[in-house]
Amino acid sequence: MEYDVIVIGSGPGGYTGAIRCAQLGLKTAIIEKYPTLGGTCLNVGCIPSKAMLDSSEHFYNAAHTFAEHGIQLADLKVDLNQMVVRKQGVVDQTTKGVAFLMKKNKIDEIHGVGSFVDPHTIKISKADGSEQTITGKNIVIATGSKPLSFPSMPIDKKRVITSTEALTLEQVPKHLIIIGAGVIGAELGSVYARLGAKVSFVEFADAMIPTMDRTMGKELQKAIKKLGADFYFNHKVTSVENKGEEVVVNIDTPKGQQMTLTGDYCLVSVGRRPYTDGLNLEAAGLSADSRGKIDVDNHLRTKVPHIYALGDVIRGAMLAHKAEEEGVFIAETIVGQKPHINYKLIPNVVYTWPEVAAVGYTEEELKQEGIPYKTGSFPFKALGRARASMDIDGLVKVLAHKETDELLGVHIIGPRAADMIAEAVVAMEFRASAEDVSRMSHAHPTYTEAFKEACLAATDNRSINM
Ligand code: FAD
Ligand code: NAI
């Protein structure tokens with residue numbers, strides 16, 4: 001065999017796994033069908049969306065809060081083209097960084113579509129029409145996911161778009177209709193609402209980000225409503241029509257009536273599907289399940305023991321940091337180590353403003369599983385740091401075991417929640433109680449004091465500042 005490990009797909013799972021393989025002394029190749037490395041996350045996901053979120057947040061603050069801070073600006077304008085250029089610069093720098101890491105770790109980088117010839121042989125079909133065949137002792141399938149769509153809402157990439165097109169629009173929409181008020185809807189809806197678009201959310205469920213703790217969705221809705229957005233919950237889209245400059249979305253209301261929304265763009269963000277197109281799984285003796293996922297065991301092995309899979313293409317949260325942990329896990333498993341991933345403690349973040357971040361059980365899950373719990377919460381408006389920065393929306397909600405006081409879930413909506421959640425992950429990995437956290441010194445004034453206060457509230461209602 002030419003390689004110890006062949007990784008198919010260079011997203012956060014694939015490239016991180018390849019680096020860990022190389023660190024462990026395994027001769028490694030990585031195959032990527034696109035010209036740049038980094039997968040969905042670096043090219044059209046995490047990184048560009050955060051770049052657009054930051055730019056639009058700066059504009060929104062300049063327009064709405066700078067005057068109160070005593071900063072006067074005149075003739076404020078959005079230059080969407082420059083925002084997209086800056087975003088692309090960030091993406092290019094980041095993907096080049098991954099290419100550098102491949103060279104540094106002596107990983108062979110091959111561009112083209114990888115497909116199985118047999119369980120150990122991969123054919124790479126390149127953009128120039130040529131083909132290359134390589135063999136590996138171990139194969140890692142890290143082919144990620146693509147946006148989900150339904151026949152009733154055909155994507156034309158011009159007016160009816162996915163997150164990929166929404167990151168490169170040439171004009172701020174006048175009216176952006178978003179189907180699905182999940183993570184992508186919330187983040188990209190925020191971007192364009194801040195830049196002045198009218199945004200309407202049409203959502204099947206009865207709340208925003210419905211799989212997270214319900215308190216978070218309610219608070220997030222209040223924050224996004226302040227940007228002027230409309231919400232149509234429990235509404236079902238029956239069809240979407242591109243009428244040239246306009247998009248017409250036909251909807252069934254909860255009362256069984258029909259309504260229509262007309263906008264200039266429609267963003268379809270109803271989830272993502274695992275991507276195995278072109279892999280020729282059958283040649284390896286594999287197949288995707290009815291939902292398109294590749295089945296793996298607790299060691300991330302497929303039913304062919306030397307073929308592993310990770311990230312968005314397998315079960316579990318479709319998150320970059322989950323895929324990264326799995327890349328490392330597979331590399332260490334291949335060399336005979338005994339790695340472990342605590343799936344219950346993978347944090348989940350929505351990068352709106354305020355940000356939403358969570359780890360562990362939701363209150364709904366605790367109820368469903370009959371686990372006795374108590375709660376403590378603390379609003380950011382009662383925090384000096386939040387008042388100083390005028391970021392007073394949101395709260396920290398802590399769920400602890402009723403008898404043992406062990407932290408079971410932490411849910412934050414507020415300023416810098418994405419960074420704050422790391423403290424909760426560490427505490428929960430070490431199985432801290434709410435009282436443990438409440439007895440640790442938190443610097444004053446910081447947003448993290450809200451976590452300490454929520455833990456105090458969960459420990460015999462001992463919050464000091466509420
Ligand atoms: P991917 O990143 O999807 O990479 C798979 C790679 O495999 C792709 O480059 C693909 O071209 C390649 N490939 C596929 N088939 C083949 C083949 N046959 N041959 C060769 N190459 C192939 N997650 C977060 O944790 N935080 C965020 O803030 C975040 N923001 C997001 C924003 C958006 C708009 C989107 C769409 C997603 C976001 N995600 C975020 C999700 C995150 O991008 C994914 O969970 C992550 O990229 C999954 O990593 P992966 O390695 O499994 O696959
Ligand atoms: P999602 O699963 O977060 O949300 C989809 C929403 O669409 C749900 O609320 C669902 O109820 C709704 N929906 C489904 N079918 C519908 C229909 N026919 N009509 C109306 N509503 C419908 O999926 P989303 O937002 O597309 O994102 C895909 C994945 O990408 C996420 O699950 C997440 O894993 C990842 N992601 C992560 C981010 C982060 O970590 N910050 C940011 C963006 C994406």
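Me: Which helix supplies the largest share of the shell around ligand 2 in this predicted model?

Reply: That is H7, with four residues. Helix H7 covers residues 183-194, and strand E18 (348-350) also supplies at least two residues of this shell.

Me: What makes Gly180 part of the surroundings of ligand 2?

Reply: Gly180 is one of the closest of the 24 residues there, along with Gly182, Ile184, Phe204 and Met318.

Me: What is the make-up by class of the shell around ligand 2?

Reply: The shell has 16 nonpolar, five polar and three charged residues.

Me: And how many residues surround ligand 1, and which are the closest?

Reply: There are 36 of them, and the closest are Gly9, Gly11, Gly39, Gly144 and Gly311. By class, the shell around ligand 1 has 16 nonpolar, 17 polar and three charged residues.

Me: Which elements each supply at least two residues of the shell around ligand 1?

Reply: Helices H1, H2 (39-44), H3 (46-64) and H9 do, together with strands E2 (28-32) and E4 (113-118).

Me: Which hand does the crossing of H1 and H9 have, left or right?

Reply: H1 passes H9 in a right-handed crossing. The H1 side of the contact includes Pro12, Gly13, Thr16 and Arg20, and among the residues they meet in H9 are Ala320, Ala323, Glu324 and Ile334. By class, the contact of H1 with H9 divides into eight nonpolar, five polar and four charged residues.

Me: What about H3 and H7: at what angle do they pack, and how far apart are their axes?

Reply: The angle is about 35°, and the axes of H3 and H7 are 9 Å apart. Their crossing is left-handed. Ser49, Met52, Leu53 and Phe59 are among the H3 residues in this contact, and H7 brings residues including Glu187, Leu188 and Arg194. The contact of H3 with H7 has six nonpolar, three polar and three charged residues.

Me: Now the backbone. How do you know whether the peptide bond from Trp353 to Pro354 is cis or trans?

Reply: Look at omega: it is near 0°, and the bond is cis. Pro354 sits in the loop between E18 and strand E19 (355-360). The peptide bond from His444 to Pro445 is cis too, with omega near -5°. Pro445 is in the loop between helices H13 (434-438) and H14 (449-458).

Me: What sets the phi of Asp75 apart?

Reply: The phi of Asp75 is near 55°, a positive value in a residue other than glycine. You will find Asp75 in the loop between helix H4 (66-69) and helix H5 (80-104).

Me: Finally, what confidence does the predictor give the chain and the complex?

Reply: The protein chain averages a pLDDT of 97, and 100% of the residues score at least 70. The complex has an ipTM of 0.99 and a pTM of 0.98.

Terms used: Residues are numbered from 1 along each chain as its sequence is written. Chains are lettered from A and ligands numbered from 1 in the order in which they are written. This is a predicted model: local features need pLDDT of at least 70, side-chain atom pairs count only at pLDDT 80 or more; totals for chains, interfaces and linings use all residues. A crossing is left-handed if the near helix is turned anticlockwise from the far one by less than a right angle, and right-handed if clockwise. Two residues are in contact if their C-beta atoms, placed from the backbone, lie within 7 Å. Ala, Val, Leu, Ile, Met, Phe, Trp, Tyr, Cys and Pro count as nonpolar, Asp, Glu, Lys and Arg as charged, and the others, Gly among them, as polar. pLDDT is the predictor's confidence in each residue, from 0 to 100. A residue is near a molecule or strand if its C-beta atom, placed from the backbone, lies within 6 Å of it. Axes are lines fitted to C-alpha atoms, for helices over the stretch in contact, and angles run from 0 to 180 degrees between N-to-C directions.
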